[in-house]
Amino acid sequence: MHVIKIRRIGNSLGATLPKEVLQKLNVNEGDTVFLTETADGFQITAYDPDFEAAIQSFAETRKNYHNALRELAK
């Protein structure tokens with residue numbers, strides 16, 4: 001477990017993550033992380049659920065329009 005202190009950053013509040021946590025999340029400065037509420041509290045992750053939904057939609061569309069996409073790629 002890591003203890004993270006909330007600090008004032010300008011007119012806002014923020015938290016700094018330890019280097020080990022950033023490495024495990026595989027994120028760098030400027031990357032986006034997502035805070036999701038769960039039954040046990042909150043979860044922070046680099047996983048974007050909206051991106052996953054978009055990829056699923058594309059996968060379904062790609063199957064339906066395989067030939068059209070192949071022709072457009074030429």
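Strands here are DSSP E runs of at least two residues and helices are H or I runs of at least four, both numbered from the N terminus. Before you click, note that this is a predicted model, where local features need pLDDT of at least 70, side-chain atom pairs count only at pLDDT 80 or more, and totals for chains, interfaces and linings use all residues. Residues are numbered from 1 along each chain as its sequence is written, and side-chain values use heavy atoms, with hydrogens and water left out.

Select A15, T16, L17, V33 and I44. Of the 17 residues lining the largest pocket, these are the closest to its centre. The pocket's volume is about 350 Å³. (A pocket is an open set of points on a 1 Å grid over the protein atoms alone, where a 1.4 Å probe fits, with protein on both sides within 12 Å along at least five of seven lines; lining residues have an atom within 4 Å of a point.) Now colour β4 (41–45): three lining residues come from this strand, the largest share. Helix α1 also supplies at least two.

**Stop two: V33.** Keep V33 selected; this residue sits in the loop between α1 (19–25) and β3 (34–38). V33 is partly exposed at 33% relative accessible area (the class between buried, under 20%, and exposed, over 50%, with a 1.4 Å probe and protein chains only).

**Stop three: the salt bridge.** Jump to E71 and K74, whose side chains meet at 3.2 Å, N to O. A salt bridge means a Lys or Arg side-chain nitrogen within 4 Å of an Asp or Glu carboxyl oxygen, and the whole structure has one. K74 is exposed, at 73% relative accessibility.

Key
Points joined across faces, edges and corners; volume = space filled by probe spheres on them.
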